[in-house]
Amino acid sequence: MALANYGTIKSKANQLNAAKAYLKETRTEYLPDVSISAQQDYGTANGQNGPLYGYHGLSVASSGPALTKQNWNAAFGSLYLSNVSWDFFSFGKAKEKVKVQAQVVNREQSDLSQETFQHQIRVASTYLNLLAAQQLEKAQQDNLNRSMDLQKVVVARVKNGLNPGVDSSLANAEVSNARIALTNAHQTVQDQSNQLSIYLGIQAQEFVLDSAFITKAPANLAAQSAISAADHPTLRYFQNRIGVSDEQTKYLKTFALPTFSLFGVYQGRGSGFNADYASNQSSYSGSYGAGADPTRYNYLFGVAMVWNFTTIFRTHYQVQSQKYTSMQYKNDYDVVAQQLQNQQVLAETRISNSLKNYQEVPVEVKAASDAYIQKYALYKNGLSNIVDFTQALYTLNRAEVDKYIASNNVWQALLFKSAATGDFGLFINNF
């Protein structure tokens, strides 16, 4: 439910889809440019001897004889052309660009995988935290009930003159303290429930959780991860960051080399001005058909080489910068790898310690329960004071809290091991 609903997972998935779509577009960039154009114009055709520069295409390209004076004879003209331009060899520039984008896809895929893995860990941890909070709330409710039972006994004995009045004050204080502890425990439950709802992508609600995490320990705490250290989802992501940067370095190197292009043009042109217009300015037609029908055709094809030699110097520093970026990503990878390695060692220690507590806590609960029953019986019969009894009450409450925490901590330690090794199956399949 969490993986299907959580917004960040959806965001990472769409980011991956965008990278895949751009990879498809990148693969088409090696295809030649094929352009088809048609235009039909109406205007004058005055020519003039002298240089002309049509800056950014803002000047007209009228062609005609250079006459002695201006005239306003106008007719229709037309131009139809097709053009093919193909950078057929650029020392692998197009292929390297495809490789870069393929590495980007790998990076986004590993980013989604690591986000999915981390979210699994977050949800499981919050689930365990909520379960622990619910059990602590139960422990505080039991403590309140015992405090109220004590209060009833104390009040009865004080009214009968069997105990001093201060005992009732102490009993009232214990009840108030138990109510405050219960309220605080309930607030923790609400906080954890709200957090779990956020991770699940659903409305805030109360949860009834599986008691298996309280009633038993994991089946096989000694289980080892089936995933190698290098295949940890987080490390794969950092490794793919390096891969993208390395491919970008190779791609940048290709910009220092020339590009070889093939090109070809075929065009037809029509004009309402006749061939003898230079000697007879009346020899033109203003009709649309005369200008729209092409009467002259030209073709052109060739090969070209373009090489901006100074690009070598600019590319050198771009490549150098990208190499440093790769080194930066490698440093980040080493830091994370070291952290995960240390966490695996710590995870084994956590499991060992939590298991010791899990095995010890029944002794504590049994002893605390026996002491409470004994002090309760003694106090009811006037053989013990209230201070001793409240101490037994506190000890039992602490033992019950330890019981719930100890069991939960074993599962939390196993979850920590799953996070460190990158194998969520260690936790979810260990019932």
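**Figure 1. The largest nonpolar core of the predicted model.** In this predicted model, the largest nonpolar core contains 40 residues, and Leu415, Phe424 and Phe427 have the most contacts inside it. Two or more residues of this core are given by each of helix H2 (7-27), H3, helix H4 (166-200), helix H5 (212-215), helix H6 (233-253) and helix H9 (386-421). H3 supplies the largest share, 13 residues. In soluble globular proteins, nonpolar side chains tend to be buried together.

**Figure 2. Surroundings of leucine 415.** Leaving aside residues up to four places away in sequence, leucine 415 touches Ile121, Ala124, Ser125, Leu128, Phe424 and Phe427. Of these neighbours, Phe424 and Phe427 are also among the residues with the most contacts inside the largest core.

**Figure 3. Helix H9 and its two ends.** The 36 residues of H9 reach 52 Å from the first C-alpha to the last, close to the 52 Å expected at 1.5 Å a residue. At the start of H9, the backbone nitrogen of valine 387 lies within 3.1 Å of a side-chain oxygen of asparagine 385. Glycine 422 follows H9 and has a positive phi, near 80°.

**Figure 4. Phenylalanine 91 in its loop.** Phenylalanine 91 is located in the loop between strand S2 (74-89) and helix H3 (93-159). Most residues other than glycine have a negative phi. The phi of phenylalanine 91, however, is positive, near 60°. With a relative accessibility of 36%, phenylalanine 91 counts as partly exposed, because this value lies between the 20% and 50% limits.

Note on methods. Residues are numbered from 1 along each chain as its sequence is written. This is a predicted model: local features need pLDDT of at least 70, side-chain atom pairs count only at pLDDT 80 or more; totals for chains, interfaces and linings use all residues. Side-chain values use heavy atoms; hydrogens and water are left out. Helices (H or I, at least four residues) and strands (E, at least two) are DSSP runs, numbered from the N terminus. Buried means under 20% relative accessible area, exposed over 50%, partly exposed in between (1.4 Å probe, protein chains only). A nonpolar core is a set of buried Ala, Val, Leu, Ile, Met, Phe, Trp, Tyr and Cys residues joined through side-chain atoms within 4.5 Å. Contact means heavy atoms within 4.5 Å. The expected span of a helix is 1.5 Å times one less than its number of residues. A polar contact is a pair of N or O atoms within 3.5 Å; within protein, one must be able to donate a hydrogen and the other to accept it, and residues adjacent in sequence count only if both atoms are side-chain atoms.
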